[in-house]
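Dear colleague,

I am handing over a structure to you in this email, and my notes on what was found in it follow below. Please have it open while you read.

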Amino acid sequence: MKKIIFHIDVNSAYLSWTAIKLLRDGSNTDLRKIPAIVGGDMSKRHGVVLAKSMSAARYGIRTGEPITDALRKCASLTIVPPEHHYYSVCSHQLLDLLHHYTPSISQYSIDECFAEYVPVPGDNGDPVKAAHIIKDVIRNKLGFTVNVGISTNRLLAKMASDFEKPDKVHTLFPEEIPVKMWPLPVKDLFMVGRSSASKLELLGIKTIGDLAKMDPTLIEAHLKSHGRTIWEYANGIESVHIDDRTKTDTSNKGLGNSTTLSTDVTTEEEAGKVLLELSESVAGRLRKAGFLAGMVSVEIRYSTFTNVSHQMQLVSPSQATQVIYEAALRLFHELWNGTPVRLLGIRTSKLSDCQVRQMNLFDYVKNDKQEKLDQALDSIRQKYGSKAVMRGSFLEEKRPPKATPYD
């Protein structure tokens with residue numbers, strides 16, 4: 001018998017978890033039953049929709065859009081801030097409950113996981129019945145609903161869980177692909193973003209079925225290796241576990257951080273402090289992932305909401321904070337036109353494995369000293385916390401706002 005995989009996905013996780021907490025704290029309103037969203041702090045001007053109720057979705061409100069846009073669509077919208085610590089508690093409660101039903105669980109994100117099916121009491125060896133039992137226990141014991149997708153691999157199980165919501169169980173076995181998956185718009189396929197969908201539509205590919213039936217070499221010619229991947233996905237083939245896919249694609253996608261500022265930056269000195277913190281964050285992520293960056297880019301969003309960006313190639317690939325920072329400063333100096341700055345971002349690309357590098361002697365000496373320092377600081381922060389070591393420039397005045405990842 002083939003292995004059966006469940007994909008368990010919490011319905012509107014942040015909103016559901018927040019609603020449950022508020023009800024337990026005495027609220028008379030269930031956020032899940034009104035137009036409501038969980039969003040960022042508008043006072044700091046970086047509010048975006050993190051989760052929405054079904055009622056909010058009917059107004060056309062989308063996850064990821066600015067709260068200001070959501071309010072234009074629904075003036076009576078209820079907005080509540082996120083509580084990430086509490087969400088982590090809810091996530092652990094879900095995993096603890098699931099461990100009563102299967103020993104093999106792989107967390108995919110804070111609100112979804114994969115689980116290998118093993119028979120549970122009362123299911124008579126039927127995985128669909130088992131999924132209903134698990135789904136109902138989660139709802140009755142934890143108070144929130146989930147969708148469960150069932151298939152023989154993770155890709156198809158995840159696709160299945162995205163079918164009709166909420167509180168549903170769906171199967172997507174290989175023999176069901178032509179009926180259940182192929183008629184869907186190609187943008188609904190896992191790993192097909194807006195850019196890929198636009199390119200595919202130019203090729204006359206509108207549905208997942210259209211993609212599945214195309215010559216994969218043609219898709220590769222337009223989308224390179226990503227084209228082969230999504231062609232395989234359209235045919236239900238998962239040659240690499242989808243929970244490993246982000247690691248596989250990181251070198252193409254790059255790593256970056258950005259921050260929306262609570263007050264506009266009006267001097268190059270102020271911008272430099274923000275860029276330094278962003279550089280520390282980005283370089284730290286590069287070191288943790290084991291990558292060197294060959295390209296650095298800086299993004300500026302002015303107070304007028306105009307976006308501009310500029311990039312430069314590094315002489316030698318690096319993961320050193322100082323190297324990233326110096327490149328970012330140079331790019332900002334070349335790019336900034338003097339207009340107050342609302343957002344700053346740094347992005348690195350052309351990533352390569354840190355085990356393989358080529359550099360001249362002078363670069364080696366400079367990078368080696370800097371990277372030893374960075375590694376020492378990483379070690380201290382890992383052991384004693386992120387604030388155990390702080391740059392002196394951040395002590396002179398209020399520290400710039402913490403950078404938030406956008407990858």
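Two rings of Phe, Tyr or Trp, the last taken by its six-membered ring, are called a pair if their centres lie within 6.5 Å, and planes over 60 degrees apart make the pair edge-to-face, planes under 30 degrees apart make it stacked, and the rest are tilted. Please keep in mind that this is a predicted model. With that rule, a search of the whole structure gives seven aromatic pairs.

One of them joins Tyr108 and Phe114, whose ring centres are 5.6 Å apart and whose planes stand at 75°, so this pair counts as edge-to-face.

Another pair is made by Phe190 and Tyr233, where the centres are 5.9 Å apart and the planes are at 40°, so the pair is tilted. Phe190 belongs to the loop between α7 (177–180) and α8 (194–202), while Tyr233 lies in helix α10 (residues 216–234), so the pair ties together parts that are 43 residues apart in sequence. Phe190 counts as buried at 15% relative accessibility, and Tyr233 is buried too, with a relative accessible area of 0%.

Tyr14, Trp17, Tyr87 and Phe144 form one aromatic cluster, and the charged end of Lys21 sits over the ring of Tyr86, 5.9 Å from its centre.

Now to the helices. Two packed helices are described by the angle between their axes and the distance between the axes. Helix α12 (residues 268–289) packs with helix α13 (residues 321–335) at an angle of about 140°, and their axes are 8 Å apart. Angles over 145 degrees would count as roughly antiparallel, and α12 and α13 are therefore oblique to each other. The crossing of α12 past α13 is right-handed, and the residues in contact include Ala271, Gly272 and Leu275 of α12 and Ile324, Tyr325 and Ala328 of α13.

Helix α4 (residues 84–98) and helix α5 (residues 127–142) pack at about 135°, with their axes 11 Å apart, and that angle makes α4 oblique to α5. Their crossing is right-handed. On the α4 side the contact is made by Gln93, Leu94, Leu97 and Leu98, which meet Ile134, Val137, Ile138, Lys141 and Leu142 in α5.

Key
Residues numbered from 1 in each chain as written. Predicted model: local features only at pLDDT ≥ 70, side-chain atom pairs only at ≥ 80, totals over all residues. Heavy atoms only, no water. Helix = DSSP H or I, 4+ residues; strand = E, 2+ residues; numbered from the N terminus. Buried < 20%, exposed > 50% of the residue type's maximum accessible area, 1.4 Å probe, protein only. Lys NZ or Arg CZ within 6 Å of the ring centre and 35° of its normal. Axes fitted to C-alpha atoms, helices over the stretch in contact; angles between N-to-C directions. Parallel < 35°, antiparallel > 145°, perpendicular 65-115°, else oblique. Left-handed = near helix turned anticlockwise from the far one by under 90°. Contact = heavy atoms within 4.5 Å.
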